[in-house]
Amino acid sequence: MAMRAFTLDEVARLTGGQVLAVSAGRVSGLSLDSRAAAPGVLFAALKGERADGHDHCRQAAERGAGAVLVERPVQVPEGTGVVRVASVERAVRALGAEARSGFRGEVVGIVGSCGKTTTKDFTAAVLSTLGPTYATPGNRNNLLGVPESLMGADADARFWVLELGISKPGEMEELAPIARPTAVSFTTIQPVHTQFFPSLEAILEEKAKVLQWTAEGGRAFLNADDPLLGGLALAPGLKRISYGTSEGAELRAEALGTAHPEGVPFSLSFGGREARGFLPLPGMHNLLNFAAACAAGASYGAPVEQMAEVAQSLKPARHRGERIHLEGDVFLLDESYNANPAAMESVLGSLGGWGERRLVAALGDMLELGPAWLEHHKRVGQVAAEAGVSVLLAVGGEGAKAMAEAFRGRGREVLHAPRWPDGAEWLEERLKDGDGLVVKGSRGVGLDGLVAWLRARRGA
């Protein structure tokens with residue numbers, strides 16, 4: 001992989017900085033964590049809430065970092081370069097923008113309230129059938145993660161697929177000029193981060209600002225199933241391609257037969273051609289994410305038969321739909337990475353295809369929901385009950401408590417626990433052979449810890 005390389009003089013010029021110590025050669029790649037520093041990379045000494053990267057410059061150098069980006073002088077081994085700047089954060093953004101400016105291939109930005117990481121991975125898999133493709137590692141999608149991704153991108157690739165995430169007003173106006181996509185795929189607009197936005201329309205308005213920085217003649221892949229995105233107006237010169245499960249979508253993915261925990265059989269149609277396949281991830285939300293990926297693929301010439309074949313090799317990202325078989329034929333769906341009302345309802349709605357399995361759920365608080373947080377949690381409790389969940393562990397604060405109260409009744413068992421360790425044994429005692437268990441909650445609730453605990457206890 002050919003990453004963009006920089007001399008320290010170039011780094012200083014681009015960031016308005018000063019070279020305090022020269023390095024043996026150029027730097028390529030960027031590390032924001034000294035523990036992940038690799039030979040030849042530039043380590044950015046960021047100041048965080050818990051740690052100051054300046055205190056770890058020597059460790060980064062000992063791991064092979066070619067130079068460090070700092071706001072004050074630091075002690076590093078001889079041969080390690082040092083560039084001092086006024087703001088490391090601003091310098092990182094400038095370097096990311098420069099790395100992007102030299103790329104002449106297609107840059108597909110993934111934008112939306114949820115499903116971004118899965119859609120990004122699916123899109124990269126589909127586009128890789130057409131040429132070398134680089135994608136954002138993990139979910140490094142913010143004002144630091146995107147520059148880090150750009151600095152590590154393969155300059156020889158045909159496609160870059162970048163996840164672009166924002167949580168507050170004004171952030172897209174800072175992020176989009178760095179990424180400058182040639183195409184944008186919009187997943188869905190949902191009540192996420194509503195602590196900072198007054199309405200869904202305001203969320204869409206902020207996210208749609210990415211189109212102001214999308215190259216002339218670029219493309220927008222829009223979710224036809226989302227009422228806000230379906231009617232999104234585009235500037236002249238941008239090509240619209242709609243995708244979804246509805247009949248009006250140009251790229252349509254339709255579930256076939258009976259969905260089950262192992263995945264969804266589907267048909268894929270575009271431009272008068274149709275193909276069938278199997279997506280080994282459960283739920284219509286994942287099929288919709290795959291449709292978004294195929295809209296991008298189809299726009300660049302991938303035939304539907306080829307894309308349908310790609311589906312069978314797709315895997316979920318860690319804690320985003322991982323399928324785990326525990327002792328006693330207990331099927332665990334690990335959705336513990338994050339949660340919002342729409343994602344909760346989608347996952348719970350998929351439980352209807354779990355056949356004869358008794359349904360158990362461990363659901364956590366959904367954070368940053370703003371004034372409507374209580375109603376959203378009550379609604380999830382009601383949906384869990386309607387989906388046929390028999391046992392619920394609700395983890396977190398007042399939101400989880402409201403979820404538990406809305407679920408309670410009709411012989412169902414429920415426990416509200418402030419932290420997952422407070423309810424883990426209660427949950428395990430109620431698991432029966434052959435049960436189906438779904439675990440989902442916001443990142444801050446840490447339900448991935450519950451999944452790890454269950455795997456350790458159940459021998460998976």
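Which residues of helix 3 are buried? They are Val88, Ala91, Val92, Arg93, Leu95, Gly96, Ala99 and Arg100. Here, buried means under 20% relative accessible area, exposed means over 50%, and partly exposed is in between, with a 1.4 Å probe and protein chains only. Helices (H or I, at least four residues) and strands (E, at least two) are DSSP runs, numbered from the N terminus.

Before going on, a word about the model. It is predicted, so local features need pLDDT of at least 70 and side-chain atom pairs count only at pLDDT 80 or more, while totals for chains, interfaces and linings use all residues. Residues are numbered from 1 along each chain as its sequence is written, and side-chain values use heavy atoms, with hydrogens and water left out.

Back to helix 3, which covers residues 88-101. The expected span is 1.5 Å times one less than the number of residues. Helix 4 (residues 116-127) can be checked in the same way: its twelve residues reach 16 Å from first C-alpha to last, close to the 16 Å expected. Helix 4 is mostly covered, with ten of its twelve residues buried. Among them are Lys116, Phe122, Val126 and Leu127.

Now look at helix 1 (residues 8-15), where Leu8, Val11, Ala12 and Thr15 are buried. These four lie on the same side of helix 1 because they cover an arc of only 95° around the axis, the arc being that of the directions from the helix axis to the C-beta atoms. An α-helix has 3.6 residues a turn, so residues three or four places apart point the same way. On the other side of helix 1, Asp9 and Arg13 are exposed. Glycine 16 follows helix 1, and its phi is positive, near 70°.

Two other positive phi values deserve a look. Most residues other than glycine have a negative phi. Histidine 319, although not a glycine, has a positive phi of about 65°. You can find histidine 319 in the loop between helix 10 (304-311) and strand 17 (322-326), and it counts as buried at 11% relative accessibility. Aspartate 329 also has a positive phi, near 55°. Aspartate 329 sits in the loop between strand 17 and strand 18 (330-335), and at 48% relative accessibility it counts as partly exposed.

What does the side chain of glutamate 428 make a polar contact with? Its partner is the side chain of arginine 457, at 2.9 Å. A polar contact is a pair of N or O atoms within 3.5 Å; within protein, one must be able to donate a hydrogen and the other to accept it, and residues adjacent in sequence count only if both atoms are side-chain atoms. Glutamate 428 is in helix 14 (residues 420-430) and counts as buried at 15% relative accessibility.

Finally, visit two loops. Alanine 155, between helix 5 (145-151) and strand 10 (159-163), is partly exposed, with a relative accessible area of 41%. Alanine 155 and methionine 3 are 152 residues apart in sequence and 5.6 Å apart in space, C-alpha to C-alpha. Glycine 217, in the loop between helix 7 (200-207) and strand 12 (219-223), counts as exposed at 52% relative accessibility.
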